[in-house]
Each structure stands twice: as C-alpha cells, then as structure tokens.
Amino acid sequence: MQIIAPVGVSFYTFRMISHLIDCYQQKIPCPKFIDYAAYITYFPQIASGPISRAREFYLQLNSRKKYDYQIEEVIVLILSGLFKKYTLSSFLFNFTDLPFKVPQQYSSIDLILAAISYSCLIYVDFSGYSDLANGISCLLGFKPIANFNMPYRSLSLQEFWKRWHISLSEWLRDYVYFPLGGNKYGKLRKYLNLFLTMAIGGFWHGAGLNFIFWGSIHGLGLIVNHLCKDLPQAIHFKLDYAFPRFAKFCSWLLTFTFVTCSWVFFGTPNWETAVSFFEGIFHPAVTSFQFNFWQLYLVIAVIGALNLWGDRIAKLLQTVLSLKNIFFRVVLVSLLVYTILMLGPSTMPPFIYFNF
C-alpha cells in the first residue's frame, strides 16, 4: 500500500524538533500561533530546505525593517538556481538514471562516469533548489541562508560537511551530536558520537540498508579524519610539508573519491543494486563504451568551475547587473534566461530531495 504523506514532511519535522527543543531550553520564547504556523509552513523552504532556525526567522518576521535586498543579488540567485536545475541537472539525469537502476547493462568506464555524474547531479540539483528558495526568501524580506559553499573543493571529509547542506550539518551538530555529548567526554566518546550522528542522518534519508550504510561510512570517514588530527604531532605524515601542492591534490582526490563512491549507495534504489554497481566497475558484463559524449565532459567541467570559482562568478555577475543602464541589464537577463531555457529539456525531472 502507498502511504500518503504531506509534501516536505521531513524538512518541517526538522523545524518542529528544533523549535520544541529551543522553547524547552528557553532559547526562544513561546511564539504566537500565527507566527509558529508561518515558521513551520514557510513555503520556499518546506520541500528541500534550507532549514532555517526559529530565532532568526521570528526576528525577521516581526521586524519592521525587512531585509533590504539588492535586486542583482536576487537575480543572480534565481538565475543560478534555474541554470543548475533546469540545464545542468536535467542533462546529467540522462547519464545517471538507468546506470543506477540497471548497472549490469553498462561498462566499467560508463559506471565510473555515471558515479561522477551523480556527484555533480545531486550538487547542482540540491544547491539549485537552495538558490531558488533563497532568492524567493529575499523577495519576502528574509536573509538568504548559506546552504552550499563549493563542497567539491574540500580537502577533507570534515571540510566537506562544513560546505555541503550546511543547514542540515549544523542541525545534526546542534540537536544530535551535542546532546550525545559532543567531544566533552574524551576522544573515544567523540568518535562514537560522530558515528551515531551520521548514521542517524543516513536513517533520516530512508530506512533502507543503503541509506544507513551511506550515513555510517561517512561517520567512519569522519572518525578517521579526526583520528589523523588527534594523533601525536611526532608521527604526523610529512608529505604536506615537503610537497604542499601534491599533498593538497591527494587530499582533494581522496575526499572526492570517497564522497562519490558513497553517493552510489545514496542514489541506487536498494543495497543489492549498489553492490551490483561496484561489481560492474571491477567485473563489467558489458565492454562497449556508451557515454563518450563531449557534452557530458563539458557539463562536468562547468560544475567543476562552479566549485572552484563559483563565488567569484556570482560576484562578477552581480557587479555587471548593478550597472545603472537599465536597458543593458534587461537585455542581459533576458539573454541569460533564454539561453537557460533553450539548453534545458522539454520535460524536467523532479528535484532529488523531494523524495525525503
């Protein structure tokens, strides 16, 4: 039987839990019902976040002086969201949908490209939604909430979770990791709390074994990350001192490879398919290369550029759009919107996080 569930049930459950805890701990006063209802059902963020905190929301909701946004800031957020979702994500969907469902039909190189494509897909899909939600929030008088900060430039798993889905990472830290004890009771307890926090985060995405394993391996990865930092200085690996650039590249490559492999468990429908996916990489049943398209390499390169220079690109576009010539701004925005729509598909796949 299909269970009927309200749209965004997972995300407004987060808001309810944090609100109850903050009220119980007297961090916020008990609000008026109409304010509480506005916070829980705030429509731009209800389906996929970002997860706003009650204190900041109420301060902005009841303030006589609303967030004084710059129109170019809103335009860049909305254009960024449309470009990421409508153009980039929709294109990559064609290279991830079937390989993640029937990996037996693809070669080893195809599956590796599909895994990299899914890493890119989930980033542009989810951060695209966050950009759109922040753009609409600006128009309604609320400050944008930073939710993604070029995560695939991270040099460690700890840094990745400071850049990826920031509002969820901070929520898990404040309402799961800290209540478990955080790092206040010794290193062994800290490692256990890290593992439990990430395992719970995986379980939130779904009760299937693949989601629990996805959260658990991230918990184990964070333990290894912290363990390397907690080792005595005398036995630290010295590669980063002798070859700093090479060491950074190795750290980035290891982090990106780990995250990409973990996405396989996240993106496949069940545990068996995920195992079959990795078996196909090492022992493929098909040898023909099907994904040799220059457009795919170009899209991956564009997403790589967004992770390296995304902040600079956004600031440059805002600077150009802040010019006083209104005719130039209208023509430029019209051309950008037209280009995004022309490069997009006839039918757009749904947002990935609408499933959670």
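**Conventions for the views.** A residue is called buried when its relative accessible area is under 20%, exposed when this is over 50%, and partly exposed in between, as found with a 1.4 Å probe on protein chains only. The structure shown is a predicted model, in which local features need a pLDDT of at least 70 and side-chain atom pairs count only at pLDDT 80 or more, while totals for chains, interfaces and linings use all residues. Residues are numbered from 1 along each chain as its sequence is written, and side-chain values use heavy atoms, with hydrogens and water left out.

View 1. The secondary structure comes to 14 helices and 0 strands, where helices (H or I, at least four residues) and strands (E, at least two) are DSSP runs numbered from the N terminus. The C-alpha trace spans about 60 × 60 × 55 Å along its principal axes. A compact globule of 356 residues would have a radius of gyration near 21 Å, and the 22 Å of this protein agrees with that; the radius is taken over C-alpha atoms, and the globule rule is 2.2 Å times the number of residues to the power 0.38. Buried residues make up 46% of the 356 residues. Of the contacts (heavy atoms within 4.5 Å) with a separation of 6 or more, 74% are between residues 24 or more positions apart.

View 2. A pair of aromatic rings is described by the distance of the centres and the angle of the planes. Rings of Phe, Tyr and Trp (its six-membered ring) are paired here if their centres lie within 6.5 Å, and they count as stacked with planes under 30 degrees apart, as edge-to-face over 60, and as tilted for the rest. The structure holds 42 such aromatic pairs. In the one formed by W214 and W263, the rings are stacked, at 5.7 Å centre to centre and with 20 degrees between the planes. The two residues are 49 positions apart and link distant parts of the chain, W214 being in helix α9 (residues 209-230) and W263 in helix α11 (residues 244-267). Both counts of accessibility are given here: W214 is buried, with a relative accessible area of 2%, and W263 is buried, with 1%.

**View 3. W263 sits within the largest nonpolar core.** In soluble globular proteins, nonpolar side chains tend to be buried together. A nonpolar core is a set of buried Ala, Val, Leu, Ile, Met, Phe, Trp, Tyr and Cys residues joined through side-chain atoms within 4.5 Å. The largest core has 53 residues, and those with the most contacts inside it are I122, Y152, W164 and W263; its largest share, 11 residues, comes from helix α5 (residues 108-139). Apart from this core lies another, of 10 residues, among them I28, Y39, I46 and A54. Leaving aside its neighbours within four places in sequence, W263 is in contact with F100, Y118, S119, I122, Y152, F160, W164 and W214.

**View 4. Helix α5 and its first residues.** The end C-alpha atoms of the 32-residue helix α5 are 47 Å apart, which agrees with the 46 Å that it should span at 1.5 Å a residue, the expected span being 1.5 Å times one less than the number of residues. Because 26 of its 32 residues are buried, α5 is largely enclosed by the rest of the structure. S108 has its place in this helix and is buried, with a relative accessible area of 17%. Leaving aside neighbours within four places in sequence, S108 is in contact with G280, I281, P284 and V286.

**View 5. Helix α1 and the ring of Y39.** The buried residues of α1 include F11, F14, R15 and H19, and the buried residues of this helix pack against α2 (33-40), α3 (54-61), α5, α7 (166-177) and α8 (187-205). The charged end of R15 sits over the ring of Y39, 4.7 Å from its centre; this requires NZ of Lys or CZ of Arg within 6 Å of the ring centre and within 35 degrees of the ring normal.

**View 6. Two loop residues with positive phi.** Most residues other than glycine have a negative phi. M150, a residue other than glycine, has a positive phi near 45 degrees; M150 lies in the loop between α5 and α6 (157-163) and counts as buried at 7% relative accessibility. H165 likewise is not a glycine but has a positive phi of about 40 degrees; H165 is in the loop between α6 and α7 and counts as buried at 0% relative accessibility.
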